[in-house]
Amino acid sequence: MRQTLILVLSLIFATPSWAAILYVDADCSNGISTYNETTQQCTGGTSTVYSSITNAQAFQSTGDTISLGDDTYEVGQLAIAATINLTSTASDKTKVTITPNTANTSGAFIRIVSETPGTSGDQTISHVTIDGRNDGDAGDYFTHGILVKNRDDVTIHD
């Protein structure tokens, strides 16, 4: 009986850690909590939306997924923390492009890097087009595309 009571109390007071989907849509204002992820509209839903990848990263927690709405996202060097997933809301790489907004001749455009060798990334990057060269502005490019260093369990597809 005592063991059952301890188990029940442990379950009641346990703090579950739920992975969230952080929606990003450049057409929406940051922090709107009526985003409709199905229609990718800034109103009519119950999800919070962020106006940029950087804004979403400020609120990310272990296991979260950053889901990009249909658009082209210009970013500087993009560092993706372990256990953070990156995908497109439509699951269609032809609708989402990530491209640089600055030139960098010595680093990688996307950094998936950990300090300790063998760190588990437990992450996926999927359904996005990664274009390390922004043709809109001459000179906005990175000489290296994606750097995965000291991190295991990283899947990049579609």
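Start by selecting Y35, which lies in strand β2. Strands (E, at least two residues) and helices (H or I, at least four) are DSSP runs, numbered from the N terminus. The model is predicted, so local features need pLDDT of at least 70 and side-chain atom pairs count only at pLDDT 80 or more, while totals for chains, interfaces and linings use all residues. Residues are numbered from 1 along each chain as its sequence is written, and side-chain values use heavy atoms, with hydrogens and water left out.

**Around Y35**

Is Y35 buried or exposed? Y35 has a relative accessible area of 0% and is therefore buried; the cut-offs are under 20% for buried, over 50% for exposed and partly exposed in between, with a 1.4 Å probe and protein chains only. Next, show what surrounds Y35. Contact means heavy atoms within 4.5 Å. With neighbours within four places in sequence left aside, the contacts of Y35 include Y23, D25, C28, Q40 and V49. Now display the side chains of Y35 and D25: a polar contact joins them at 3.2 Å. A polar contact is a pair of N or O atoms within 3.5 Å; within protein, one must be able to donate a hydrogen and the other to accept it, and residues adjacent in sequence count only if both atoms are side-chain atoms.

**Across the strands**

Select β2 (residues 32-35) and β3: they run antiparallel and are joined by two bridges. Two strands pair if DSSP finds at least two bridges between them. Y35 stands opposite S47 in β3. β3 (residues 47-50) also pairs with β1 (residues 21-24), in the parallel sense and over two bridges. Here Y23 stands opposite V49.

Move on from β1 to β4, which runs parallel to β1 and is joined to it by four bridges. L22 has I66 as its bridge partner in β4. Which residues of β4 (residues 65-68) are on each side? T65 and S67 are on one side, I66 and L68 on the other, and all are buried, so that both faces are covered. Continue to β7 (residues 85-88), which pairs with β4 in the parallel sense over four bridges. S67 has T87 as its bridge partner in β7.

**The three-stranded sheet**

Select β5, β8 and β11, which form an open sheet in the order β5-β8-β11, with parallel pairing. β5 (71-75) and β11 (129-130) each have a single partner strand, so one side of each edge strand has no neighbour in the sheet. β8 (residues 96-100) is joined to β11 by two bridges, and I98 has I130 as its bridge partner in β11.

**The nonpolar core**

Finally, select I66, L68, L78, I80, L86 and I98, which touch the most other members of the largest nonpolar core, a set of 21 residues. A nonpolar core is a set of buried Ala, Val, Leu, Ile, Met, Phe, Trp, Tyr and Cys residues joined through side-chain atoms within 4.5 Å. β1, α2 (53-57), β4, β5, β8 and β9 (104-113) each supply at least two of its residues, and β9 gives the most, with three. Centre on I80: leaving aside neighbours within four places in sequence, its contacts include Q57, L86, I110, I112 and R151.
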